[in-house]
Amino acid sequence: MIAHSPKTAWTLRLDDDGIAWLTFDRPGHRVNTFGRETLDELEARLDEVAADDSIHTVVVVSGKPDSFIAGADLEEFSLIHDEDQARALSERGQEVFAKLASLSQTTIAVIHGSCLGGGLEMALACDYRLVTDHKSTSLGLPEVNLGIIPGWGGTQRLPKLIGLAPALKIILTGKPVSARKAFRMGLADGIVAEAFLADHTRRFVERVRTDAGRRDVLARRRRVRSRVQRAIEATPPGRALMLRAARKNVLRKTHGHYPAPLEAIRVIGETFVHPSMRTEADALARLACTPISRNLVRIFRSSQQLKKRSAKDGSGVRVGSAAVVGAGAMGGGIAWALSNAGIPVRLKDISWEAVAQGTSSAAAMFAGKVKRRRMTAGEMNLAMHRISGTVEYTGFGHVDAVIEAVVENMDIKRQVLREIERCVPRHALIMSNTSSLSIDEMAAALRHPDRFLGLHFFNPVNLMQLVEVVPGEKTSHEAVVSACELVRSMGKIPIVVGSCAGFLVNRILLPYIIESAAMFEEGVPVERIDRVLVEFGMPMGALALADEVGLDVGYKVAKVLEHAYGPRMRVPDGFGRIVQDGTTIGKKSGRGFYIYDSGNKRPNDEARALASNGHTAGGSNGEAIPDADVLDRAILVMVNEAARCLDEGIADDADALDLAMVMGTGFAPFRGGVMRYAQERGLREVVERLGELASKYGERFEPAPLLVQLAEGGPGFDGSVANGKGGERS
Amino acid sequence: MSPVAIIEGVRTPFCKAGGRFRHVAADDLGAAVVRELIARSDVPPGQVDEVIFGCVAQPPHASNIARVIALRAGLPVETIAQTVQRNCASGIQAVTTGAMLIEAGRADLIVAGGTESMSQIPLLYGPEMSGLLMKLARAKTVKARLRALMGFRPKFLRPIIGLQLGLTDPVCGLNMGQTAEVLAREFVITREEQDAFALLSHERASAAMERGDLADEVMPLIGMPTYDTAIAEDDGPRKDQSLSKLARLRPYFDRHAGSVTIGNACPVTDGAAAVLLCSDRKAKELGLKPLGHVREWAYAALAGDRMGLGPVYATAKLLSRTRRTMRDFDLIELNEAFAAQVIANERAFSSARFAREHLGRDRAMGEIDRDTLNVNGGAIAMGHPVGATGTRLILTALKQLRRTGKGRALATLCVGGGQGAAIVLEAA
């Protein structure tokens, strides 16, 4: 028996059957991750195993509840500052896992809970993998989502084990697979029940210690692979074809902004026949030091922090049942999100037709989940039972929270909020899903404004993870904590922002759309504006986005912002002329900046004519505006507004702001967000460029005071030196 | 004994089988009413002691449907639940079983109701087909399997219609419509009398709907599979029903010499209803204002081929046990399984001879005044989801008492297989 102090992450326990149980339980951490220290420790344990003849089998398990190994320690990873360090870390992992792979004893990873990144790479270095059939068990290599590739042998071992095509799928999408799927594809060799983990594992050990049993298990790995794919992979042209198709697919999805998946394809292609850990380590080292990876890691970490952070002081209301008032697209979506989180919800509107509409939009969202096999039809039935309609506030007497999502009209909202307050218990939170109205003005309608705040969801609610939590002047701390917890329980990310017109995300996003509309009015073709922005890395062009949201909605919000912020947010007259008669209001009406028919879109010449007020030949003027100006006008106007938000304390810090823009608008994640982009471009250059734009296109580009101040030598948004071009940290 | 209050009640619209609710299972209908009942009564769901539901044809996917309903309705997993079955009286049985528990001090707050999806009563394979499938499952070798398959005959696939089976008394061998024909002959009830009563039912139900009275007890239901339409009203009552239209229908159960048509019988229907029962003590504690109280009740039995007379037998038993007379009732809800059956009851109630010969009473039970009978129409118009109707009668009676400021009502119905149920309700 070898005993270790509980302070260590890896413990080894030899049982009477000659099986050594190697348990990973990193002290002081919620989940297991690999860093220098845990790798060193693992190596030491492996050396002990190698030297011990009485051990015939090593079983790797996790000591954490419902979690195996989450991957590499991202904190450590983000401290890497050059390629050599990155390569060293990669090589270290490769070395330790090679030791595991070369043990003379039988090695088995028994995976219960999520097994990601480095965790799966370690499991791949074992002879066998067993998975528990628990719903928390999932296996994946999400490295590409962080701008890197698996660097601890994942690119080498996975294609060998399950075949080229399935391996590419796992590595390129970064999406984890379930236990059952892992077993079906041969990634796992058996399924065990967690309650009988030791027992079932022992039985498996007995099986693979016999020649026949071992042959069986290995034969199964071959058998589960498609014969056609095996045949294709066996030939060089077949492999080339497969890799080319994968590459094409990646380029179509990423527009070439993300090098990691392409590198993964290259590394796998080059090393499939002649394995080379070296090639993998080199590629990882290069990728790890790109700003793209740094930005993706940063965004990921701040989203994890916001998601995981729980109410520290324990105060606040735990929402066990809720109500939504207003069953439009947003109300229906919010009801869906609540029900999806297991919270029963009363959905109230003024007519049953409206309630039915909101209910059916929630049903459609659940049906989508059923179709994608993310939920069963039975679960959908229960989830839909959790949503019940009313036109009279019945059932509000016992709810813990109400979210108001009626039409954006101050008088109506105030009226509705008053009605809500009359029907709900004193402890209930009252929230408004407004996108542009003043929280304080609404709060004034309530007798107890301390429990009231804004809760701004983004459309479509089932896909958008971000929710802005907007406390008013009188909102209590408890209410804010409770609202954040509620948002987290819905699987979404709450970000607390200051109360101002447009809050954080729309206040920064709208100038971008308005500026794009202004350029359109000046004669820049809609496709050119959108192409430049997509090439920059936005998920879609500003004007396509405006069409998607609805021009009427966008115009209304833009007007609110113009009213609040004055000339710098002036809505171009052309925009008003386009939406005027209500027929050209975006995708939902079939026409906006584009015309939509049968799934295609083409520029709308009428919108062009309306915008330029009749004289159609605005083109000459548009041509005079170079692409570089188009890009900077749209993007730097956001940078400028974002700086103002930071200055006014609308967002806590640049990290939170960047995360909000990435999650809320899809702002190019690899650029790390609005502020990060400015930082990387160099604040001095940004200020200069804004100055140029101001003199050329108008005062609205006048750089924000905070930008000027920081450009003149203060610390950057993240505390680093402002003008280290390329985003190098000091 | 603790008095049993009814706090609130609600039902789904009643929709003809195979129609708007054909995709909504009996447990879904039940769950929707229970959730709405809890919301309308404003009680915390955790306070409910038990859920008791009646259901005649429990769907195969939801045995002990009451428990399935409780959970789908969002009641805590700790909520116990039982399903009761007394055929058409199941919805009354749920209420009386609940009332007994409260009277005995074993429960304080009970959800009682009934539900039925007659659309979804399954088709069954006959014993021949089941036998073949069983043989096939047992066969170990290919040869044995083939031999089992050789036994197949196409007629094995002819389904047995579960609904039809359920509506037939296996002891006397008559289906429900045929028992109505028996009563039409015993009491010499003409086709015209039956049609006139059917018309009255439609007129009264339509009028009540127009006045908005039924909206008091009906919750709009947004149903699967698409959840895009709120069904708010019963679809049975016909505003344009007329004697001439009724006269055109052919007798359905006895084509040659019969008088019962689908026009003067109740349609098969989907629907659910529930009420919240509460001890007076608990009602006070929770600050609940009752709609009314459950008083006496009685069940009685008779020959299956005359099952339609259940109301008069059950009511006679109820009166003989209490000091009540028919004059005590301001309102009567007598379920309309068939017009002939309602009329037969009217005649039996008022007949001294019937009382002597069948009920062991010296005098007639007493006239039933049509002005107090089914004033908002009945099952002939709005339908008869068999498990739910009993609860619906209680709910309708209590709401009508409240509406008119009257004091006491009798709800009674006939039960397939030869029983009757009667229950006395008082306004709070």
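**Exercise 1.** In this predicted model, work out how helix H22 and helix H28 of chain A are oriented to each other, and which residues make their contact.

*Solution.* Begin with the geometry: helix H22 (residues 526-536) and helix H28 (residues 627-648) of chain A pack with their axes 9 Å apart, at an angle of about 70°. Angles of 65 to 115 degrees count as roughly perpendicular, and H22(A) and H28(A) are therefore roughly perpendicular to each other. Next, locate the residues: H22(A) contributes Arg528(A), Ile529(A), Val532(A), Leu533(A) and Phe536(A), while H28(A) contributes Asp627(A), Val630(A), Leu631(A), Ala634(A) and Ile635(A).

**Exercise 2.** Describe the side of chain A that touches chain B, and say which element gives the most to it.

*Solution.* Start with the two partners, where chain A brings 20 residues to the contact and chain B brings 18 residues. On the side of chain A, at least two residues each are supplied by helix H16 (352-371), helix H17 (377-386) and strand E15 (387-390). Of the elements of chain A, H16(A) gives the most, with 8 residues.

**Exercise 3.** State how chain A is divided into domains, and how far apart the centres of domain 1 and domain 2 of chain A lie.

*Solution.* The assignment divides chain A into domain 1 (10-289), domain 2 (322-496) and domain 3 (501-628). Taken over C-alpha atoms, the centres of domain 1 and domain 2 of chain A are separated by 42 Å.

Conventions
Residues numbered from 1 in each chain as written. Chains lettered and ligands numbered in written order. Predicted model: local features only at pLDDT ≥ 70, side-chain atom pairs only at ≥ 80, totals over all residues. Contact = placed C-beta atoms within 7 Å. Helix = DSSP H or I, 4+ residues; strand = E, 2+ residues; numbered from the N terminus. Axes fitted to C-alpha atoms, helices over the stretch in contact; angles between N-to-C directions. Parallel < 35°, antiparallel > 145°, perpendicular 65-115°, else oblique. Domains from an automatic or database assignment.
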